[in-house]
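I wanted to look up what lines them.

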Amino acid sequence: MSLLLASLPVVVIVTVRYGGELLAFCRQLFTQAMKLTRGTVSINKTHAFVFSNCTHGQVDSVLETFHLYDLTYPSLCIGQVKGEFLDEVVSRAAPLWVLEFGMHCGYSSVHILRLLGPAGRLLTVEKDPETADKGEEIILVAGFKHPQFQVLACPSAEAVTGIRARLGDAQNLDLVLMDHNTGQYLPDLLALERCGVLSPGCVLLVNHIFCPKGRPFLEHIQARPHCYTQCRQLQGMMELTWKRASDVC
């Protein structure tokens, strides 16, 4: 059976005869969806909708507006189920320091800040300066102030290099959310391990991990059961726990 798939900007003709080919076809659709939902155009539309329709200064209104947008324009980065999962993890971990890779439009940032205690701090890293600016504006619209969070508009590798100086000698990370370039997950995790900034019991949340680029990360985790505990999975998101700092890891 021949299917004609019109995708921006290429027309792809896929012939599906066997299960394996159907799976490859579905993966191709997924890849196209990833590109569309994580693109600048999607960020601009999300920001405009939330900024214009939410009640400024009310965090619950901001999140409700995100969910309303998601009903009309489904996204892999936004969703009530994932938001509730993130809320549950943050509430249980009660982190003092959170590091977020991949800001998008501030959806996860707002969820995290909403549940941090008075002493809690969020460092959020976004490579694209325009996306960082729009995400920061949504965080401010939700009612949070700059002492509670800091936006780093730089590549993740650059942010990790200076993470110890930002934390100080007495502090480590209690929660790390990876939702940026999947191929960068493992290099960034290895760098965090080398820096010694993961506290014992640090929770790692990794999104979009079950794709080819996520395989090296998964292999690293699975080969080190003495260092990582795999907890739960939900809609492509995996929760892990860092057991301890050790040269063995």
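I began with the lining of the largest cavity, which by class has six nonpolar, eight polar and one charged residues; here Ala, Val, Leu, Ile, Met, Phe, Trp, Tyr, Cys and Pro count as nonpolar, Asp, Glu, Lys and Arg as charged, and the others, Gly among them, as polar.

I noted that this is a predicted model, in which local features need pLDDT of at least 70 and side-chain atom pairs count only at pLDDT 80 or more, while totals for chains, interfaces and linings use all residues. Residues are numbered from 1 along each chain as its sequence is written, and side-chain values use heavy atoms, with hydrogens and water left out.

I checked the term: a cavity is a set of points, on a 1 Å grid over the protein atoms alone, where a 1.4 Å probe fits but cannot get out, and lining residues have an atom within 4 Å of a point. A volume is the space filled by probe spheres set on the points, which are joined across faces, edges and corners.

I found that the largest cavity holds about 100 Å³ of space, and that Ile43, Cys77, Ile78, His104 and Cys105 lie nearest its centre among the 15 lining residues. Helix 2 (40-53) gives the largest share of this lining, three residues (helices are DSSP runs of H or I, at least four residues, numbered from the N terminus).

I then turned to the second largest cavity, with about 70 Å³ of space, where the lining includes Cys77, Lys82 and Asp179. Helix 4 gives the most to that lining, with three residues.

Notes. On a 1 Å grid over the protein atoms alone, a cavity is a set of points where a 1.4 Å probe fits but cannot get out, and a pocket is an open set with protein on both sides within 12 Å along at least five of seven lines; lining residues have an atom within 4 Å of a point. Helices (H or I, at least four residues) and strands (E, at least two) are DSSP runs, numbered from the N terminus.
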